[in-house]
Amino acid sequence: MDAPGLHREEADAEPPAERPAACLDPTGGWYVNYNTATEAFVVFPGAVFAYPRGQDPHGRAEGRRRAQDHACSLGIPEAQLDWRD
């Protein structure tokens with residue numbers, strides 16, 4: 001039973017990345033990253049990057065590079081682009 005006023009949503013297996021993208025402050029260099037069993041997600045204000053984990057080394061490297069390039073365009077220091085995928 002949920003507490004009064006608590007709203008619970010059922011989510012698909014793949015988390016909805018668009019929600020944090022819409023909520024992140026566009027100033028300050030914030031991003032969120034998370035992984036499913038098969039994909040890595042890197043979420044910036046207004047932009048979501050998803051790429052395969054493990055099974056496709058070229059796709060993983062290309063997806064990670066695109067996310068890192070976007071992060072650099074936002075002024076996020078390279079030292080902070082250390083998410084795991």
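**Start with the whole chain**

Show the surface first: the protein exposes about 6,000 Å², and 52% of that comes from carbon and sulfur atoms. These areas are Shrake-Rupley values with a 1.4 Å probe, and for residues only the protein chains shown count as cover. Keep in mind that this is a predicted model, where local features need pLDDT of at least 70, side-chain atom pairs count only at pLDDT 80 or more, and totals for chains, interfaces and linings use all residues. Numbering runs from 1 along each chain as its sequence is written, and side-chain values use heavy atoms, with hydrogens and water left out.

Now switch to cartoon. You'll find two helices and three strands, laid out along the sequence as α-β-β-β-α. Both kinds of element are DSSP runs numbered from the N terminus (helices: H or I, at least four residues; strands: E, at least two).

**Next, the sheet**

Select residues 32–35 and 39–44: these are strand 1 and strand 2, antiparallel and joined by four bridges. Pairing here takes at least two DSSP bridges between two strands. A hairpin of three residues links strand 1 to strand 2. Pick Asn 35 and you'll see Ala 40 of strand 2 opposite.

Which order do the strands take in the open sheet? It is 1-2-3, with antiparallel pairing.

**Last stop: helix 2**

Select residues 57–73. Helix 2 packs on the sheet, touching strand 2 and strand 3 (contact means heavy atoms within 4.5 Å).

Terms used:
Axes fitted to C-alpha atoms, helices over the stretch in contact; angles between N-to-C directions.
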